[in-house]
Amino acid sequence: MHANLHAALDNFDQDILDQCSREQEFKTILFSLCYFHACVAERRKFGPQGWNRKYPFNTGDLTISVNVLYNYLEANAQVPWEDLRYLFGEIMYGGHITDDWDRRLCRTYLEEYMQPNQFDRKLSLAPGFVVPSNLDYQGYHDFIDEMLPHESPVHYGLHPNAEIEFLTVTSDNLFHTLLELQSPDAVMGEGVSQTLEEKVKTILDEVLEKLPEEYNMSDITSKTAERSPYILVCFQECERMNTLISEIRRSLKELDLGLKGELAISSEMEKLQTALFFDNVPNTWTKLAYPSTYSLAIWYNDVLQRCKELDSWTQDLSLPSVVWLSGLFNPQSFLTAVMQTLARKNEWPLDKVNLTVDVTKKFKEEFNQPAREGAYVYGLYMEGARWDTQAGVITEARLKELTPGMPVISVRAVPNDRQETRNIYECPVYKTKIRGPTYVWTFSLKTRERPAKWVLAGVALLLSV
């Protein structure tokens with residue numbers, strides 16, 4: 001932040017600072033803009049918790065914003081805050097941004113750093129760092145050196161845990177790269193009697209041994225004539241699982257024949273062999289599965305867990321008392337089914353209905369029957385903050401607790417006009433830590449703090465960690 005802030009200021013000089021007739025307002029907003037620029041540029045290092053997607057913010061965005069600021073201040077008697085924030089957040093910087101959640105983040109930054117009363121009272125850009133009063137060009141540089149606290153995620157509005165996540169990801173990538181650079185024999189280590197082929201054969205046999213049979217769709221569909229939204233979701237999930245299981249079985253049997261020498265090894269089989277050796281999920285499986293950041297062993301256990309869940313659901317096709325939302329290929333379809341079911345029951349038009357969530361104080365084991373209205377879901381984690389079960393609100397995360405689990409959540413549908421809108425943080429739900437394209441839904445969670453705090457902290461719910 002220190003280097004970025006100096007670099008942002010270096011785009012200007014004393015002449016530019018003196019050019020505007022409304023000197024104090026111009027300088028104060030210019031300093032806020034430099035801090036904003038440093039924030040959006042450096043936030044990228046925190047990965048998806050910083051920005052959902054990577055954007056090429058550059059110094060041109062900053063200099064042109066300052067030109068706009070100068071023109072607007074010269075032309076208006078009052079500072080046109082709304083107009084300025086719109087131009088900076090939706091056009092200059094927002095022009096790069098393609099994701100709605102990132103756009104909200106950019107807008108919130110500007111609302112925090114550019115406030116109508118920032119001339120009368122001291123506006124804090126970061127804890128302990130206020131916008132300086134009217135200084136000269138060198139004075140601003142000295143102010144940054146003296147007053148800016150030590151580098152920490154708090155400068156960007158993030159929780160200190162974001163640093164741990166960033167360092168973990170960096171070291172993981174480093175070790176992965178080192179592993180892949182070595183020859184397979186070196187990875188196996190000295191004095192190991194197993195060859196590469198033997199190790200792959202062992203993994204292959206283990207996977208095939210545990211692989212469940214495919215679901216007999218005609219048996220399952222004949223159990224009931226009813227085709228309610230929930231039952232259709234169950235059928236779709238079974239079909240998706242069948243496709244995945246059959247591909248795993250086909251590709252492994254083919255590789256097995258290749259290893260025995262009964263088939264020529266194709267490039268596809270080689271890729272599969274390498275993936276199994278490095279404990280990665282093969283690409284051909286990933287395409288048919290769901291987004292996941294797991295290594296092969298954990299991923300395969302996860303698939304088996306999902307099969308178990310489906311087994312119990314297909315027994316009598318009645319909705320489980322608590323649904324494992326993370327265990328579905330398509331969680332959106334289940335949440336839509338909740339809306340459809342309640343809209344039909346109450347004769348509400350579907351386009352005028354929205355989901356509302358209530359976080360209960362209990363965990364999965366404490367429920368033995370389904371919800372009377374809507375459904376209970378579990379398996380979500382919160383990143384960037386934690387849920388205070390007693391108070392029923394979002395609260396500051398604890399150090400080193402990166403993704404605390406959520407209690408069971410009750411999901412229902414209500415007409416739009418009955419939605420609670422006060423003291424609410426619109427929290428995005430994603431399938432994995434990659435965020436971005438894995439977006440599922442938005443849950444409105446209660447908060448006592450201002451929602452802006454959680455927007456800057458990048459708070460989201462994840463279905464798998």
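What volume does the second largest cavity have? It comes to about 90 Å³, and the structure in question is a predicted model.

**The largest cavity**
- Its lining is made up of 18 residues, and those nearest the centre are Trp101, Asp102, Arg435, Val455 and Gly458.
- Three elements each put at least two residues into this lining: α6 (100-113), β10 (424-430) and α17 (451-456).
- The top contributor is α6, with four residues.
- Sorted by class, the lining of the largest cavity splits into 10 nonpolar, four polar and four charged residues.

**The second largest cavity**
- Residues around this one include Tyr290, Pro291, Ser292 and Tyr294, along with Asp302 and Arg306.
- Also in the lining of the second largest cavity are Ser326, Leu328, Pro331, Lys431, Leu463 and Ser464.
- The class count here is six nonpolar, three polar and three charged.

**Helix α7 and its cover**
- Helix α7 spans residues 137-147, and its buried residues are Tyr137, Gly139, Tyr140, His141, Phe143 and Ile144.
- Among the elements covering those buried residues are α1 (2-9), α2 (14-18), α3 (23-42) and β2 (129-130).
- Tyr140 and Phe143 turn up again in an aromatic cluster, together with Phe31, Tyr35, Phe36, Trp51, Tyr55, Phe57, Tyr93, Tyr109, Tyr113 and Phe129.

**Strand β5 and its partners**
- In a regular strand, side chains alternate between the two faces of the sheet.
- Strand β5 (residues 375-378) has Ala375 and Val377 pointing one way and Tyr376 and Tyr378 pointing the other, and all are buried.
- With strand β3 (residues 323-324), β5 pairs in the parallel sense over two bridges; here Val323 sits opposite Val377.
- With strand β9 (residues 409-415), β5 runs antiparallel and is joined by three bridges; in this case Tyr376 faces Ser410.

**Two positive phi values**
- Asn423 isn't a glycine, yet its phi is positive at about 50°.
- You'll find Asn423 in the loop between β9 and β10, and its relative accessible area is 52%, so it counts as exposed.
- Arg435 is another non-glycine residue with a positive phi, near 55°.
- Arg435 belongs to the loop between β10 and β11 (439-446); because its relative accessibility is 4%, Arg435 counts as buried.
- Arg435 is also one of the residues nearest the centre of the largest cavity.

**Aromatic pairs**
- The model has 24 aromatic pairs.
- Trp285 and Trp299 make a stacked pair, with 5.9 Å centre to centre and 25° between the planes.
- That pair links distant parts of the chain, since Trp285 is in helix α14 (residues 283-288) and Trp299 is in helix α15 (residues 296-316), 14 residues apart.
- Both Trp285 and Trp299 are buried.
- Tyr430 and Tyr439 go edge-to-face, at 6.0 Å centre to centre with 70° between the planes.
- Which of these tyrosines is buried, and which partly exposed? Tyr430 has 1% relative accessibility, so it counts as buried, while Tyr439 has 31% and therefore counts as partly exposed.

How values were computed. Residues numbered from 1 in each chain as written. Predicted model: local features only at pLDDT ≥ 70, side-chain atom pairs only at ≥ 80, totals over all residues. Heavy atoms only, no water. Buried < 20%, exposed > 50% of the residue type's maximum accessible area, 1.4 Å probe, protein only. Contact = heavy atoms within 4.5 Å. 1 Å grid on protein atoms, 1.4 Å probe; cavity = no way out; pocket = protein on both sides within 12 Å on 5 of 7 lines; lining within 4 Å. Nonpolar A, V, L, I, M, F, W, Y, C, P; charged D, E, K, R; others polar. Points joined across faces, edges and corners; volume = space filled by probe spheres on them. Pairing = 2+ DSSP bridges. Phe/Tyr/Trp six-rings, centres within 6.5 Å; stacked < 30°, edge-to-face > 60°.
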